[in-house]
Amino acid sequence: MIVVEPYADSVKITGYQIELKPVGKEDLDLLLTWRNSVPIRQRMINDAVISREDHYAWYQRLQRDLSQRHWLVSYKGRPIGSTNVRTRKSGLAVTEAAQLEPGLYIGEERFQGNLIAFAPTLALYDYCFGELNIQSMVAVIKAENTAALKYNLQLGYQTIRQQDWVEMSLQSSCYQRHNENIKKLLSRPRRTASKGTE
Amino acid sequence: MTNEKKLTQAFVSALSIDEAQVVDSLQYNTIKEWDSTAHMVLIAELEDAFDVMLDTDDIIDMSSVAKAKTILQRYDVEFSD
């Protein structure tokens, strides 16, 4: 169950213990630090180090680009990563597409490989399938990125092409079927004070 | 059956691993058997074994066998070590 609220020219999405806030200028330095870190960069299609100037220019272009949307992922009020979707046809807006290509990285090391890493994807996909009514997600992943491949298989993706890059597709019905249980787990109440705190 | 034994059995059953692999240092996502799907089965096994209902923060925090013990202790489950 997600809550979707208008936010700037996009939407803020809350659910499964996390919040997806549209990326703002105030987030850019943190995103650049994560994006240029070796573990994240190695998994990217473009694995070059990005300059601060290029990063800010990308953000300026993003303001006029309806074909992609980027969010900052926060857990317990702290930023932990970033997620995005983009259309697969140039000139098409995210809100008009039948297929979207997702992206995600968890920048905070302690949450990489943690169950919470599924939460931003669940919130984003609920929004895309449930509110934007897209037909499918198509992910393109480096063949050596076994963690991402496994992650996607657990979400219900199926491999449709495999070379240096692996193309995977996820239909709405398959997504709903595969993720019912994890959604329930991540929707349980938060810890109460009587059981101790971190 | 001791609580240590119950815990071990829950991991063995949920992850389909040998008893010898269930040591405090065993961590989520470091062996192929302990993925998100197995984690959900593990939660169900632990809740059944100890008659508790874990909340989401605890499900997320349960990233190792040692952490599982620490979390279960909050639910009044005692372990000898």
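Ala, Val, Leu, Ile, Met, Phe, Trp, Tyr, Cys and Pro count here as nonpolar, Asp, Glu, Lys and Arg as charged, and the others, Gly among them, as polar. Welcome to a predicted model, in which local features need pLDDT of at least 70, side-chain atom pairs count only at pLDDT 80 or more, and totals for chains, interfaces and linings use all residues. Residues are numbered from 1 along each chain as its sequence is written, chains are lettered from A in the order in which they are written, and side-chain values use heavy atoms, without hydrogens and water.

**View 1. The second largest pocket has a volume of about 420 Å³.** D9(A), S10(A), L62(A), Q63(A) and R69(A) are the closest to its centre among the 20 lining residues. The lining divides into nine nonpolar, six polar and five charged residues. β4(A) gives the most, with three residues. On a 1 Å grid over the protein atoms alone, a pocket is an open set of points where a 1.4 Å probe fits, with protein on both sides within 12 Å along at least five of seven lines; lining residues have an atom within 4 Å of a point. The volume is the space filled by probe spheres set on the points, which are joined across faces, edges and corners.

**View 2. Strands β1(A) and β2(A) form a hairpin with two residues between them.** β1 (residues 3–7) and β2 (residues 10–15) of chain A pair in the antiparallel sense over five bridges. Strands are DSSP runs of E, at least two residues long, and helices are runs of H or I, at least four, numbered from the N terminus; two strands pair if DSSP finds at least two bridges between them. Look for P6(A) opposite V11(A) in β2(A), and for A8(A) in the turn, with a positive phi of about 50°.

**View 3. Chain B and chain A bury about 2000 Å² between them.** This area is the accessible area (1.4 Å probe) lost on putting the two parts together, summed over both. The contact (heavy atoms within 4.5 Å) takes 22 residues from chain B and 23 residues from chain A.
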